[in-house]
Amino acid sequence: MNKYTPQDIEQSWYQKWEDSKYFAPSGTGESFSIAIPPPNVTGTLHMGHAFQHSLVDSLIRYKRMQGYNTLWQMGTDHAGISTQMVVTEQLAAEGIKPSDLGRGAFVEKVWDWKEESGDTISKQLRRLGASLHWETERFTMDEGLSKAVLEVFVRLYDEGLIYRGKRLVNWDPVLKTSISDLEVVSEEESGSLWHFRYPLADSPGEYLVVATTRPETMLGDTAVAVNPNDERYKHLVGKTALLPLVNRAIPIIADHYVDQEFGSGCVKITPGHDFNDYDIGRRHDLEIITILNEDASINENAPPKYRGMDRFEARTAVVADLDALGLLDKIEDHTLAVPRGERSGVVVEPFLSDQWFVDIKPLADPAIKAVEEGDIEFIPKNTENIYFAWMRNIEDWCISRQLWWGHRIPAWYDDEGNFYVGRSESEVREKHDLPEDVNLEQDADVLDTWFSSALWTFSTLGWPDKTPELETFHSTDIMITGHDIISLWVSRMIMMTLKFIGEVPFHKVYIHGLVTDADGQKMSKSKGNGLDPLDIVNGISIDDLVAKRTANLMQPRMAQKIEKATRKEYPDGIMAFGTDPLRFTFFAIASRTRTVRFDLKRVEGYRNFCNKLWNAANFVMTHVENQDEDLNSSEIQLTPVDEWITSEFQNVTTAVCFAMETYRFDLAAKAIYEFIWDEFCDWYLELSKPILNADTISDAQRRGTRQTLAKTMEATLRLAHPFLPFLTEELWQKLPESVRGSGETIMLQAYPATDETLINQVAQDDIAWLKKVVSGVRNIRGEMDISPAKEIPVMFANGTNEDRERLDRFSDLLIPLIRPEDLIWLEPGEEKPLAATALADEMEILVPMAGLIDKEAELARLDKEIERKQKDREKTEKKIGNPNFVEKAPEEVVQKERDKLKELDSALEKLNQQRMSVASI
RNA sequence: AGGAAUGUAGCUCAGUUGGUUAGAGCAUCGUCUCGACAAGGCGAGGGUCGUCGGUUCGAAUCCGACCAUUCCUACCA
C-alpha cells in the first residue's frame, strides 16, 4: 500500500455510494429522519454549513448502520432577496435594469441562474461525503412546495390569521422592499445629535429645544412630547409649537416614554418615520405624515425646496436652513446604533406601507407550550432561552416582500380595490361569484422566504397530500442548526407545523456553535478571514487564496490589508487535507461552547491521525493477506493481549455510542482517536508482533492473534465510519472477505454494539501491569539517555507471587518492548546491585548502574519521584487524620485513602532506600 | 438597560451525579531511522483550575459577590 493521500481515495467512493442508492431509506426498521436546513440554491458552502452537515451526516450514518430506516431529506430554498440581488447585479453588469425586462422575463432570468448555479452547493455537499437522499430533493419554489405555501396562506387567511394592513415596517430603500426585524443589523456608528429650537406658536420669542439624530425627519413632525412629570415643561403641555421650515402648528403632548434626563427632555415626534413615535402617535391620535418616497428621497408632503432630494442631502439642507434661521442650538457628537439592511448594507427607514401580516399570537402560544412541556428539547438546554425570549415577545409577522422572486401572494384586487384570497384566480371568481368581465389583478408582492421554509419538514414530504413519506418520517428526529436560526426559522417551523400537522416538526433541536477563525473572529467576506471548506479539502495556492479573498469586496481599499494578513497566515497556501481530516476536526471541536475556533493546525493533527490509521491498516493487511487458513481456523487460543484489546474495543464502543446518543460529537471523536492511537497502535500492534513472529508461540495462539488483529481492525473501521467515511470504506474494502464478509459497502454494515461478555477485567489488569513495567524501563532509558538500541540488564525485586507469575507469562512480550540484555528475578534476601529504580506497584524494576547510569542523574530522578509521592502522601495523611472525614465520608472512599497511604509508604520506603544507596557511592 | 454564556498548561479545549497524582491536541525540550507509521517512536518539562468568600469531612465541579471577556435582545430622540 502506498502513502495516505486523501484525494486519491475520496473521489470515487461517493459516486459509487450514490449510484448504488445507499443513501435512500432502507424501508425497514424504525424510522429516523432529519431535514436539511435548506441552503440557498444559488449559494456556496461555507464553514458553518460544512460543520453542520458533517455533524448530521455522522448521525445519519450511525443510525443507518444501526438498522434504522433513515432519511436525510435534501433540499434548497430560493432565498428571495439575495437571489434577486445577485441576478439584478448580473443584469446591471450588462447594462440592463429589471424594469427593462418586466416581471415575467426577470423571473425567467432568475430561473436560468438557478439552473446554472444550483448544483454548486450539491457538488460541495457530495464532496463532504454527506449521505443525503438526493432522489427526493426539493426546492421551495417547486410545484409541490408552492402548493403547500398556497394552501397554508389560504387556510390562515380564511381563519383570520392573515390580514392586510398599513403599518410601519423596516424599509430597504435600495431593494425597495420591506424586510423583517431579523434582517436588520444595528451597529454602533459615530454620528451627531442636532439640537433644534422649535418656536412656540403663542409666545413669540420662546422656543423648545428638541434633539435628533435624523434632522430630515423633522419635515414630518406632528408633535413635540415631554414627560408629564417634567416640571420644566408642565406649563407647555397642551400648547402648540410651530414647526420651522414647514410652518405647521404641532401640539405639545405629555407621554411617559420621554426620558427627562436625555438631551433637553423634549422629543420631536415623527409617527411616519420612527417606530416609537408611531406608537406615541397612535396613543395621542396624531397625524401621520410620510415625507419619503420608496427610494428614500423627499416626497411632495415636504416643502417644495426639499422635494426630490435624497434623505441625506435633505439632512444637510435642513440643518443649514435651521442654522440660517438661528434655530440650530448646538451639535453634539453622538454614537448611535444605525440600522442597516443585512443584504444591501444601506440604512433602513421605518416606512408606512400596505403589507400582509400573520397574526402570530394564536400560533405562538402552542409553540411555546411544546417546548415548555418537553415535546421539543433544545440541546444544549440553555439555548431554549433564545427561543423563549423571542417567542414570548413576538410581534405580528410581516410576510409580504416587494420583490419579484418568490411565492406571489394569492390575493386578487378588483378595480374598486376590494381583494379576494384563494388558491387561484378561478377559485376566487367562483367563490365570490365574480364574472369574467370583472377585472382582477393579482397582488404584486411575494412572500417572505421563511414563510415557505417554515413548512419545510412536512412540505418536503409531500403535504398537503397524505403521503406514506409523511406518515413514516414526520416528525423528524432532530434539527441541527445555528443559534441565529432559532428565531428566523426554528420558531416559525414549530408554529406552522403544530398548526397544520398537529405534531412537532422535530423532537430535538441541536444548536451548534459559530465557527470562527483561529483568533475567535467571525469569518466574513469583508474581513477577508473566511475559509472555503473545499479549499481545505482540495488545497489552494496562496495566490488563488488571495485572489478569492480580495475579489468583489464591498470596500476595495481593504484588499491590501487582507492580502498581507493572508500571505502571513498561509505563506504556502493551504495544502490538500482531504475530507476525512476536515470532518474529524469538526467533530473534535463540536463541544458545547457558543463559538468554535477553527484552526488549520487541528486539521493537520487529524490528517496525521488518518495517516496513522492508514499505516496501522497497512500493517494489519500484511498479516491477514493470504492467511485465509489461519483466519478461518477454529483451532485458536486467545492470549491475554487479544482478550485485552477485545475488551478495550467494547469500552470504546460503549463510549462512542453514549456520546452519539447524547450528541457529544467531540467525545465520540476523542474516544475513537484514543482507542486507535493510544491503545490499538501503540500497544496492541506492538504486542502482536512477538506473537505473530516468535517461534516459541503456539500455532493456536498465533491464529488467535491473527484473527483478533483482523477482527479488531474491521470493527474499528465500522466504529469510525460515520466520522471518516472515505478512509474507512477504502480500508474496509481492502480487507479480505474472510474478515469483513461479503457486503458491498461498509456504510451498510452493522454498527458495533457493546458485548458485555467480552469485557475481561483479568486481561485488562494483566496488560495494565505489562504497560507499567514497560513504562518503568522506558522512563529509566529516556531519563538516563540510554539508546533504545542498547540492551540493558533488567532486574525485578520485592514483587508479589502474582508479579513473578506475570513476568514468567509475559517475558516473551516484554523482551521486544524493553530490549533487556536479560530479565532477572531477585529472590528475597538476594543482594541488589546499585541500580536505577522504577516501581510497578510493589515490584521494583532495577537497571544496574554499572557503566550505564549517571549517579547525579539518577539521584535527580529519584528525588523528583520521591517529592511527588511525598506531596501526595501529605495530602492523603491529612485526609485520614481528619476525624470528620473518617466519620462522614463513605466507607469505600476512606478505605481507598487508607490503601493509598499504605502504598505510598511502601513506595517511599523503597525509593528512599534506593536513594541512600545511590548517594553512598 | 435587560438577559445569557465563558474564564482550567504558552495556544485551543475535555473534565458526566462533588472524592483522579486535574487530562488531551498543538507548541516546547531531549532522544531515536528498532521492517506499519518521521504526517513517526520513546522520554520529559509546563497549571494557586479568573479573584474573594460560603456550603461540605472533601470544591475545577454546588452557592454568592467581584473582576475580565463575549454574545443576544431592546435601544435615548
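In this predicted model, the surface near RNA strand B draws at least two residues from each of eight listed elements: the strands β7 (207–212) and β12 (328–341), and the helices α20 (600–624), α23 (665–693), α27 (761–783), α29 (855–881), α30 (883–888) and α31 (891–919). The largest share is that of α20, with 10 residues. Around RNA strand B there are 57 residues, of which Phe-262, Asn-276, Ser-591, Asn-611 and Lys-888 come nearest. Where the atoms of RNA strand B lie within 4 Å of the protein, 64% of them are sugar or phosphate atoms, and the remainder are base atoms.

Several side chains make polar contacts with the phosphates of RNA strand B. In the case of Trp-677, the distance from a polar side-chain atom to a phosphate oxygen of RNA strand B is 2.6 Å. For Asn-608, the distance between a side-chain N or O atom and a phosphate oxygen of RNA strand B is 3.1 Å.

Charged groups were also examined. Side chains of opposite charge can pair when their charged atoms come close. Across the whole structure, 65 salt bridges are found. One of these joins Arg-492 to Asp-448, with 3.9 Å between the closest N and O atoms. The two partners belong to distant parts of the chain, 44 residues apart: Arg-492 lies in helix α15 (residues 485–500), and Asp-448 lies in the loop between β20 (446–447) and α12 (449–453). A negative surface patch consists of Asp-181, Asp-279, Glu-395 and Asp-396.

The backbone has cis peptide bonds at two sites described here. The bond from Ile-379 to Pro-380 is cis, and its omega is near -5 degrees. Pro-380 sits in the loop between β14 (377–379) and α10 (384–392). The bond from His-474 to Ser-475 is likewise cis, with omega near 0 degrees. Ser-475 is found in the loop that connects α14 (468–473) and β21 (476–482). A further backbone feature concerns Ala-79, a residue other than glycine, which has a positive phi near 45 degrees. Ala-79 is placed in the loop between β2 (69–76) and α3 (80–93).

Key:
Residues are numbered from 1 along each chain as its sequence is written. Chains are lettered from A and ligands numbered from 1 in the order in which they are written. This is a predicted model: local features need pLDDT of at least 70, side-chain atom pairs count only at pLDDT 80 or more; totals for chains, interfaces and linings use all residues. Side-chain values use heavy atoms; hydrogens and water are left out. Patches are made of residues with over 30% relative accessible area and no salt bridge: like charges are joined within 9 Å, nonpolar side chains (Val, Leu, Ile, Met, Phe, Trp, Tyr) within 5 Å. Accessible areas come from the Shrake-Rupley method with a 1.4 Å probe; for residues, only the protein chains shown count as cover. A salt bridge is a side-chain nitrogen of Lys or Arg within 4 Å of a carboxyl oxygen of Asp or Glu. Lys and Arg count as positive and Asp and Glu as negative; His and the chain ends are not counted. The place of a charge is taken as NZ of Lys, CZ of Arg, CG of Asp or CD of Glu. A residue is near a molecule or strand if one of its heavy atoms lies within 4 Å of it. A polar contact is a pair of N or O atoms within 3.5 Å; within protein, one must be able to donate a hydrogen and the other to accept it, and residues adjacent in sequence count only if both atoms are side-chain atoms. Helices (H or I, at least four residues) and strands (E, at least two) are DSSP runs, numbered from the N terminus.
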